[in-house]
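Have the sequence and the 3D view handy as you read.

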Amino acid sequence: MYFGSVRFFKHVIVFVTILLIIIPCVFCFILGSKAAELEADNEKLKAEIGEYQLSGHQSRYEADELFSLYKENLENKDGFLKLAFEYDESMYKAAAGIESETAPTASDAVITAAPESTAEFTHSGTIILNDDPDSINSGVPAYQMLYPELYADVPDNIVYNDDMDYVYLTFDDGPSKYTQNILDYLDAYNIKATFFVVPDGSEESNARLKKIADKGHTIGIHTATHEYNKIYESVEAYLEDFKIAYDRVYDATGIKCNLFRFPGGSINDYNTEVREELIAEMTRRGFIYFDWNVDTSDALGATWTEMYNNVRTQTIDKNRAVILMHDYNGGWNTILVLEDIIKWIIGNGKRTFHIDKLTEYVKPVQF
Ligand SMILES: [Zn+2]
């Protein structure tokens, strides 16, 4: 009798043992090849992002968008490529000089030269200095005559507020689809903040800007394009971009901004050549720039816990803290942690901080 015999049970044991070995092996093999496939896709997408950035699309904003799309959905290759194409198209238009809403208009190049100036402007905005030796030796850079109406309206001798123990929340790169969430949290705690904006001139963007303004927050200029390579090419290029953003904010809100924040901060890898002249020119025009001394690192991909800890550790020893955050379409983590950050600032148990918006009466925090 084979069934029930010792031999039978031996065979059962051997069979089960073999199954126990074979089944995990098969699973390992299947999962291993799936992982290798995903890894290959991953590498491919990374390479595409790398190429894309290398091809001159080095704006952090664009890279962030691409990277978050990439992270959110590795399989959404179509979405990724579509986005890349959209950027390519706008880059193509800019490079080909095709006029679009964002392109500088001819009116930007119409200059009224100051009476004492001997410079002339061609239709395209190029400056031609005449042969008068006085004008050549006057030492006044030609860009000072660009946009004669682009001056900030701030008092000459500002007496700064005595603002010890103040915290200033600042949001760069907005408005975005999350602007309303930010405004809601600020409202809930009855606090004011500062938005350094990237207006695109669209109806949606204008409506969001108007909401920020109506709530009494400060709006400062960030940039129109956020393309480091372009805006830091020269003082003229920076002014051109700034003017576009400045006009858009004015059109949307009626506000003439006095404050601004340089994309990437006043000291960055892209503005080494023009930095000194640029800061001098913007200051000459009365505009006041703010950098930051607390960085949530939200746009660098920090998790909300990291953001929270960054604020706690960097703020606690500051008498005045200017906190860098972002209001951009990839910025969901910022929204998730914003209320906790506000709560910590107000009631951290160690120091009493006030939260307020930046104005020209706040002593600038600069690198
Ligand atoms: Zn920015």
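## Strand 9 and its partners

Let's begin with strand 3 (residues 166-172), which pairs with strand 9 (residues 320-326) in the parallel sense, over seven bridges. To find your place in this predicted model, look for Tyr166, which sits opposite Arg320 of strand 9.

Strand 9 also runs parallel to strand 8 (residues 294-295), and two bridges join them. Here Val294 stands opposite Ile323 of strand 9. Strand 9 is mostly covered, with six of its seven residues buried.

## The nonpolar core

Which residues touch the most other members of the largest nonpolar core? That core has 59 residues, and the ones in question are Val167, Tyr168, Val197, Ile221, Ala245, Val249 and Ile323. Helix 8 (residues 235-253) is the biggest giver, with nine residues in this core. As a rule, nonpolar side chains in soluble globular proteins tend to be buried together.

Ile323 is a handy one to click on. Leaving out residues up to four places away in sequence, Ile323 touches Val167, Tyr168, Leu169, Thr170, Trp292, Val294, Thr296 and Val311.

## Where helix 6 meets helix 8

Now over to helix 6 (residues 203-214): the axes of helix 6 and helix 8 come within 8 Å and cross at roughly 70 degrees. The two helices are therefore roughly perpendicular to each other.

On the helix 6 side, Asn206, Leu209, Lys210 and Ala213 do the touching, and they meet Val249, Ala252 and Thr253 of helix 8. Sorted by class, this contact has four nonpolar, two polar and one charged residues.

Methods:
Residues numbered from 1 in each chain as written. Predicted model: local features only at pLDDT ≥ 70, side-chain atom pairs only at ≥ 80, totals over all residues. Core = buried A, V, L, I, M, F, W, Y, C linked by C-beta atoms within 7 Å. Buried ≥ 20, exposed ≤ 12 C-beta atoms within 10 Å, placed from the backbone. Helix = DSSP H or I, 4+ residues; strand = E, 2+ residues; numbered from the N terminus. Contact = placed C-beta atoms within 7 Å. Axes fitted to C-alpha atoms, helices over the stretch in contact; angles between N-to-C directions. Parallel < 35°, antiparallel > 145°, perpendicular 65-115°, else oblique. Nonpolar A, V, L, I, M, F, W, Y, C, P; charged D, E, K, R; others polar. Pairing = 2+ DSSP bridges.
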